[in-house]
Amino acid sequence: MATRVRQQSQTPSPEALGLTDDDLLAMYRTMVTARLCDEAQFRLNRQGKAPFVVPVSGHEGCQVGTAWPYRKGEDVWVPYYRDMAVCLVAGMTPRDVFLGVFGKSDDPSSGGRQMPAHWGHKSLNIITGSSPIATQIPHASGIAYAIKYRGEDAVVGCWFGDGATSEGDWHEGLNFAGIHKLPIVFYCENNKYAISVPLSKQMGVRDVAMRAEAYGFEGVIADGNDVLACYEASKNAVEKARQGGGPTLVELKTYRFHPHTSDDDDRTYRSREEVEEAKRNDPILLFGRELKSLGLLDDEAIESIRVELKAEVDREVDDAWNSADPEPDTAMLHLFADGAGAGLGMADAMETTGGEATPAASPVTGPAPEA
């Protein structure tokens with residue numbers, strides 16, 4: 001059954017969660033960095049410098065909280081397009097973010113070949129996704145199966161929105177993970193809308209986490225605006241997965257403050273009053289107040305952090321903007337397997353006869369065998 005992790009008033013102390021003061025401040029700084037990157041990318045979009053962006057504002061608490069228990073360089077991160085803050089925790093930088101926004105050749109996700117926010121970073125174990133919703137979920141389960149098969153000490157984290165739970169890929173990935181008791185944690189960032197479709201039109205049950213029981217593992221619910229609640233739920237699930245206890249589905253009740261993407265008009269499906277009410281539970285404001293109550297920050301320090309990080313983000317935006325664009329003659333690279341034929345265009349790799357595609361002769365192995 002889905003179980004609620006705790007109520008807001010039952011927040012464990014950071015010490016009880018194993019978090020140091022340095023952890024708390026670093027978590028806060030990462031949340032603020034993500035928000036500042038979001039503000040910058042929307043400005044650039046309106047200036048015509050960023051054709052398409054995916055906002056993160058409102059999701060910073062659930063993303064930073066759930067990502068924080070993972071081991072950098074060892075565990076595997078399978079994010080979805082809104083997961084900027086997850087990727088910042090994993091080790092990406094604002095420069096990396098904007099290399100993708102601008103489609104630059106040094107973009108670690110795809111060398112400028114994918115849409116922005118299709119996160120990927122080989123050296124950080126961030127697995128890139130694609131535009132179709134939920135396709136990363138069976139990929140994540142397959143990676144977790146390989147980890148278990150090889151006997152490796154790693155856990156896979158897989159993040160997605162509530163709309164992904166309406167896709168067949170979601171069912172297949174969770175079902176496979178449950179059958180094989182894989183070392184994976186599934187995170188549903190439930191912001192109440194699959195673009196414009198409200199949750200009530202997506203599913204006939206109250207909570208996404210209730211569905212975990214059908215796959216043979218636990219579902220838990222956390223307040224997605226409470227970074228420590230998210231951390232607690234994730235830490236427990238990651239430890240269970242690492243110890244051989246199988247998957248967990250963690251549902252994070254949150255909200256996005258901006259339209260689905262820069263091409264969406266959210267005024268057509270939700271009121272301004274609803275959005276403004278949600279902003280009263282801004283995870284950055286809530287966490288800032290918590291750190292003030294712990295004596296780690298005051299109003300002056302909060303403003304100082306924002307000014308410092310904004311200057312850093314602005315520098316990295318400028319650096320990314322001035323980075324090299326991809327060379328036209330590299331457009332066909334990475335489309336086929338590396339090797340003797342790597343970099344060949346479609347016309348070079350295929351011969352057509354009578355409208356039927358036939359593999360060309362390999363420069364290494366000779367003509368293709370007859371059918």
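**View 1. Y145, Y149 and F176 make a nonpolar surface patch of about 350 Å².** Patches like this one take residues with over 30% relative accessible area and no salt bridge, and they join nonpolar side chains (Val, Leu, Ile, Met, Phe, Trp, Tyr) within 5 Å. The areas come from the Shrake-Rupley method with a 1.4 Å probe, and for residues only the protein chains shown count as cover. F176 sits in helix α6 (residues 168-180); helices here are DSSP runs of H or I with at least four residues, strands are runs of E with at least two, and both are numbered from the N terminus. F176 counts as partly exposed because its relative accessibility is 33% (buried is under 20%, exposed is over 50%, and partly exposed is in between).

A quick word on the model: it is predicted, so local features need pLDDT of at least 70 and side-chain atom pairs count only at pLDDT 80 or more, while totals for chains, interfaces and linings use all residues. Residues are numbered from 1 along each chain as its sequence is written, and side-chain values use heavy atoms, with hydrogens and water left out.

**View 2. Here we peek into the largest pocket, with about 420 Å³ of space.** Its lining has 29 residues, and Y80, Y81, S131, I133 and H260 are the closest to its centre. How do you spot a pocket? On a 1 Å grid over the protein atoms alone, a pocket is an open set of points with protein on both sides within 12 Å along at least five of seven lines; a cavity is a set where a 1.4 Å probe fits but cannot get out, and lining residues have an atom within 4 Å of a point. Grid points are joined across faces, edges and corners, and a volume is the space filled by probe spheres set on the points.

View 3. The largest cavity has a volume of about 120 Å³. Of the 18 residues lining it, V97, G100, P116, A117 and W119 lie nearest its centre. Helix α4 (residues 94-101) gives the largest share of that lining, with 4 residues.

**View 4. D266 and R270 pair up in a salt bridge, with their closest N and O atoms 2.9 Å apart.** A salt bridge puts a side-chain nitrogen of Lys or Arg within 4 Å of a carboxyl oxygen of Asp or Glu. Both D266 and R270 are buried. Other salt bridges share partners, joining R71, E74, D75, D153 and R242 into one network. Back at D266, the residue lies in the loop between β8 (248-253) and α8 (272-279). D266 and I195 are 71 residues apart in sequence, yet 8.3 Å apart in space, C-alpha to C-alpha.

**View 5. K253 and E251 meet through their side chains in another salt bridge (3.0 Å, N to O).**

**View 6. All 8 of the 8 residues in helix α2 (residues 60-67) are buried.** Among them are E60, C62 and V64. A search of the whole structure finds 0 disulfides (pairs of cysteine sulfur atoms within 2.5 Å). C188 is in no disulfide, and the nearest cysteine sulfur, that of C62, is 9.6 Å away.

Key
Patch = residues over 30% accessible without salt bridge, like charges linked within 9 Å, V, L, I, M, F, W, Y side chains within 5 Å. Buried < 20%, exposed > 50% of the residue type's maximum accessible area, 1.4 Å probe, protein only.
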